[in-house]
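Subject: Model handover, with pockets, cavities and helix packing

Hi,

My notes on pockets, cavities and helix packing follow below it.

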Amino acid sequence: MPKKPDCLHAQKGLDEFMPVAICFIVLLILTACAPDPLQTPSAQSLPATSMLATLEPTLTTAVLPTQTTAVLETPPITTLVIWLPEPLAPIDNEDSADILSEQISGFLAANPDIRIELRLKRASDVGGILSTLRSANAVARDALPDITLLRRTDLTTAVDAGYITEFLTDQPLALADDLTPTILTLGTVGEALYGLPYALELWHTAYDPSSVEIELLTIDNLRASQAVFWLPINSSSGINETLYAQIIAAGGVFETDGGLTIDEDMLAQVFAFYADGIAQGVIPPDTLMATDATAYQDRLLTGEAMVGVVSTRLYRQLVAQNDALLPASLPTLAGEPITVLDGWMWVKVTTPHVERQRAAEKFMAWMFDPERQTAYTSAVSYLPSRQAARGLWDDQAYAAFIETQLENVVYPLTGEAAVTGRIIQTSLLDVMNGTRTADEAARDVITQIGG
């Protein structure tokens with residue numbers, strides 16, 4: 001494994017690229033920390049972390065049979081520019097930095113005609129990947145990466161803006177041949193595949209079997225158990241994942257034009273679950289302020305939260321501290337498993353550099369190797385997208401549970417459908433705050449956006 005770097009730096013700038021370097025030697029590979037092509041004077045940078053910057057191979061020699069030594073010409077070097085989102089390179093995770101360093105150095109050793117320029121980026125907001133793609137397209141197209149990773153909502157925006165290009169029909173098979181249609185749909189816009197799912201995340205519940213018994217997690221069963229139930233009501237995604245999944249499971253259909261098709265009585269039953277939970281103290285009032293499950297993760301570890309909604313990423317971190325926790329589906333009216341699927345997808349940025357795109361395909365194929373994907377995604381607590389990679393997990397019971405969740409998924413809402421989601425989320429908050437009854441809220445939703 002390569003020695004951890006001691007050459008680290010990050011420059012500041014509103015649309016900064018924040019280059020961060022790993023300095024190590026592979027067959028005398030030269031390492032350089034390149035300056036940020038886009039800079040403005042007022043911004044904050046992410047703290048430095050162990051990431052690879054610019055690397056290139058050196059001249060090699062060969063001994064001929066006549067004992068004369070000839071210097072072989074180095075093949076033309078292709079520089080591959082990659083932007084990596086910070087969640088896939090957390091600054092407090094040395095193991096993931098070591099694994100990524102090892103995997104990239106192995107790729108460079110196998111491809112001496114390629115060098116890599118890897119830059120760490122925020123996941124969102126100013127200085128994030130989408131924000132910087134937008135800035136670079138406007139003022140510095142030469143500074144664009146060849147590939148990067150995006151989540152679903154940013155992917156659709158990038159497609160509409162023309163920032164990324166689709167994968168051809170045979171490319172996914174060449175890069176990862178066992179991605180299921182359900183997973184590939186995450187990266188599909190219209191009929192075209194724009195994102196190749198790599199590190200996945202979905203939502204389910206976690207519980208301690210010593211404090212609550214769960215056979216079928218229906219809304220009625222959870223209500224009857226009187227188990228204290230925690231969930232991030234105030235999700236930053238607009239509509240919280242649990243409510244979204246419950247509406248779909250109740251027969252709801254979110255239309256791309258913003259319409260909603262659902263039976264009013266079914267929607268009222270979903271709203272009533274939350275109204276009753278707050279009234280009976282089964283759903284704590286603090287959930288109204290929770291934007292994600294980290295708000296109550298300590299309560300799950302201690303058992304104060306008997307059942308809690310978690311992402312797969314948080315669940316794997318919690319189980320490492322308390323292996324008594326077990327997974328279960330999200331609570332729905334009928335108890336059928338359903339989840340919201342999201343994750344980081346490799347995308348090809350729209351550029352004219354054909355050779356660099358070929359190098360990018362080689363790199364993605366390298367990273368999609370099942371053993372490499374398992375090692376790296378596990379280090380950052382994401383799910384590997386490949387079935388072959390999930391088959392290498394130590395915890396095959398959890399892997400089997402994940403397969404049941406992947407049988408029925410919905411994807412993050414975008415566009416006008418996301419606006420509809422926010423309207424329903426507001427109605428839920430009204431119900432939980434007591435300003436409207438469940439029946440009134442359902443009627444208002446149907447009148448305003450549904451039918």
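How many nonpolar, polar and charged residues does the lining of the largest pocket have, by class? It has 17 nonpolar, 15 polar and eight charged residues. Here Ala, Val, Leu, Ile, Met, Phe, Trp, Tyr, Cys and Pro count as nonpolar, Asp, Glu, Lys and Arg as charged, and the others, Gly among them, as polar.

Ground rules before the rest. This is a predicted model, where local features need pLDDT of at least 70 and side-chain atom pairs count only at pLDDT 80 or more, while totals for chains, interfaces and linings use all residues. Residues are numbered from 1 along each chain as its sequence is written, and side-chain values use heavy atoms, with hydrogens and water left out.

**Pockets**

The search runs on a 1 Å grid over the protein atoms alone. A pocket is an open set of points with protein on both sides within 12 Å along at least five of seven lines. A cavity is a set of points where a 1.4 Å probe fits but cannot get out. Lining residues have an atom within 4 Å of a point. Points are joined across faces, edges and corners, and a volume is the space filled by probe spheres set on them.

The largest pocket has a volume of about 1,200 Å³. It is lined by 40 residues, and the closest to its centre are Arg151, Trp203, Ser236, Ser237 and Glu241. Elements giving two or more residues to this lining are helices H3 (152-161), H7 (241-249), H10 (312-319) and H15 (415-433), plus strands E11 (196-207), E15 (307-311) and E17 (339-349). Helices (H or I, at least four residues) and strands (E, at least two) are DSSP runs, numbered from the N terminus. The largest share of the lining, four residues, comes from H3.

The second largest pocket holds about 370 Å³ of space. Its lining has 16 residues, with Arg152, Tyr411, Pro412, Leu413 and Thr414 nearest the centre. H7, strand E19 (409-410) and H15 each give two or more residues to it. H15 gives the most, with three. By class, this lining has nine nonpolar, four polar and three charged residues.

**Cavities**

Two cavities of 30 Å³ or more turn up in the whole structure. H1 and helix H11 (354-367) give two or more residues each.

Leu222, Arg223, Phe273, Asp276, Gly277, Gln280 and Val282 line it. H8 gives the most to that lining, with four residues. Helix H6 (219-225) also supplies at least two. The lining divides into three nonpolar, two polar and two charged residues.

**Helix packing**

Axes are lines fitted to C-alpha atoms, for helices over the stretch in contact, and angles run from 0 to 180 degrees between N-to-C directions. Contact means heavy atoms within 4.5 Å.

H15 packs against helix H16 (residues 438-449) at about 160°, with axes 9 Å apart. That makes the two roughly antiparallel (the term covers angles over 145 degrees). Thr420, Ile423, Ile424, Ser427 and Val431 in H15 meet Ala438, Ala441, Val445, Gln448 and Ile449 in H16. These contact residues are seven nonpolar, three polar and no charged.

H7 and helix H8 (residues 264-280) cross at roughly 150°, and their axes come within 10 Å. This pair is therefore roughly antiparallel too. Thr242, Leu243, Gln246 and Ile247 in H7 meet Leu267, Val270, Phe271, Phe273 and Tyr274 in H8. The contact has seven nonpolar, two polar and no charged residues.

Helix H1 (residues 94-110) and helix H12 (residues 370-379) pack at about 155°, with axes 8 Å apart. H1 and H12 are therefore roughly antiparallel. Ser96, Ile99, Leu100 and Gln103 of H1 touch Arg372, Ala375, Tyr376 and Ala379 of H12. That contact divides into five nonpolar, two polar and one charged.

Best wishes

Terms used
Parallel < 35°, antiparallel > 145°, perpendicular 65-115°, else oblique.
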